[in-house]
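Reader: Can you walk me through this structure? I'm new to this.

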Amino acid sequence: MGFRGEQTGKNGVVYIYDATSVWNAAKQRSEQKRIYIGKKDPETGKLIPNKKYFELYHEDGTPKAEEELPTPVHVLSSYEYGNIYLMQEAADITGLSAVLEDCFPGQWEDILSCAMHCCSEEEALYLCKPWAENSFGIPAPSSQRISELLKGLDEDSRMRFYKKWAALRSEKEYLALDITSISSWSELIQYVEPGYNRDHEQLPQINLAMLFGEDSKLPVFSRVYPGSVKDVSTLLGLASFIEKIKLEQMHFVMDKGFYSEKGIAPLLEKYIKFAIGVPFSTKAAKELAEDCMDGICSSANAVMVGENIYYAQTYIRKWNNRRVYYHVYYDEERHVREKRLLMRKVLHLENQLAEGSVGITDSMAKHYFTFHKTKDGCYNIHRKKDVIDSEKKLAGYFVILTNHYKDPEQLLEIYRNKDVVEKSFDNLKNDLDLHRLRIHSDEAMEGRIFIGFISLVITSYIREKMRVHDIYRKYSFHELMAELKKLKMIVFKDGKQLLTEITSGQKFIFKAMEVEFPRST
């Protein structure tokens, strides 16, 4: 017996499906088969049918007879197109489509479809099919097809792609970005090993490292490493793979979680260019931030990166007889936000201590409070005013150490690009496939990360165009995609296709992105 259900994607879109129970003879159990037939109108709550709906139902909603189903039908329907058009243009302009077609002749269209789904929707990959069925001109791979695709993207084919892609980019410099760690429950993936987890969870993990082109701001190469490998070692280990794809110049860009004097020393010794965040647990970062607090907000120190304004001051120092630059930054908006979050954390922790849900031996409790035992065996709780005030004072400040970048604005643009990459890969972590890596083989894991890499190429190209042409003053990335989704392709029964009217906002986007306006066929 069948039923109709709903499933909400991460972006809030509600997909409608018909479900039936089918018997799996091999596994000797009943399984649910879903067919996505459209999405729910957020205003009216009614079904917006897709092409699959009209294959199964008449226009009045009655099911078609079995003998009618194999007959292809061409009915009036509407598909999202503006976002698809821009992503396809990005893939074509960068040469990504051509390289994919050359390296994966039987799979490239499905790879691109999955990557565009990640780029546009940022939701689980198994929802690619219903999304693609509501989009114009791209294949809609089933969950089984996607599983086969992920396992089929083997090491040799991926390396062949990276070689051709790197040769096409021809960058002068490459930024080696250590991206993130991803945790896993799986015991079947050889790369999964115990290691430091940034979400502070005691789970085995893998690490991801990536190369970015400094000129194009496009990703060039990515690599998975065992979770037990230390971060600096991970980056230094990229050298052997760099030789394979014939790249030379590299900069290492790392966040403060990887900072250590022991790790910096070999980079200076080998003349490797780097930039790394410096935590305020170090004496140098704290002293430099405090030194410039009185004058850093001068208009002479203002820099603009993306849509945000920062203040920056630079200090030149010697380290192992090498010149290094400490760039101190201040973000006013972040200052207010971090102070508020800090006090919320302290007050919440104080309430938990009073209630007894957190003990006095808790490390964070000992960091922010002192405890004095009374005669009756209870404890008086006192805030460490100097510790709290010091952290409030440093809110909104951050320090980056580099042996190459003299210009604080240029360095911050690179770091902002790193943040974009980390957020993009964070979407993979939150994806059902990769958050806790619910993938049961090395092949599928590597394939899923490769799909993420392809989507990152498209996303990075669009974001860089937005930055260069000041599109951020009107749209964020997600607002831009939402605006383009309003541009629909209408398909008539006789096969004719008609584009809905292009709005002024869409015209602004296409013109700023330097692509021709889409046309009806």
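This is a predicted model: local features need pLDDT of at least 70, side-chain atom pairs count only at pLDDT 80 or more; totals for chains, interfaces and linings use all residues.

Reader: OK, how many helices and strands does the protein have?

Author: The protein has 18 helices and 18 strands. These are DSSP runs numbered from the N terminus: helices are H or I with at least four residues, strands are E with at least two.

Reader: And what share of the residues is buried?

Author: Of the 521 residues, 51% are buried, meaning under 20% relative accessible area with a 1.4 Å probe, protein chains only.

Reader: At what angle do α3 and α4 pack?

Author: Helix α3 (residues 96-103) and helix α4 (residues 108-121) pack at about 135°, with axes 8 Å apart. Axes are lines fitted to C-alpha atoms over the stretch in contact, and angles run from 0 to 180 degrees between N-to-C directions. That makes α3 oblique to α4, as angles under 35 degrees count as roughly parallel, over 145 as roughly antiparallel, 65 to 115 as roughly perpendicular and the rest as oblique.

Reader: Which residues of α3 make the contact?

Author: Leu96, Ser97, Leu100 and Glu101 of α3 meet Trp108, Ile111 and Leu112 of α4; contact means heavy atoms within 4.5 Å.

Reader: New topic: in what order do the strands of the open sheet run?

Author: The order is β5-β17-β18, with antiparallel pairing; two strands pair if DSSP finds at least two bridges between them. β5 (77-80) and β18 (497-499) stand at the edges with a single partner strand each, so one side of each has no neighbour in the sheet.

Notes
Residues are numbered from 1 along each chain as its sequence is written. Side-chain values use heavy atoms; hydrogens and water are left out. Buried means under 20% relative accessible area, exposed over 50%, partly exposed in between (1.4 Å probe, protein chains only).
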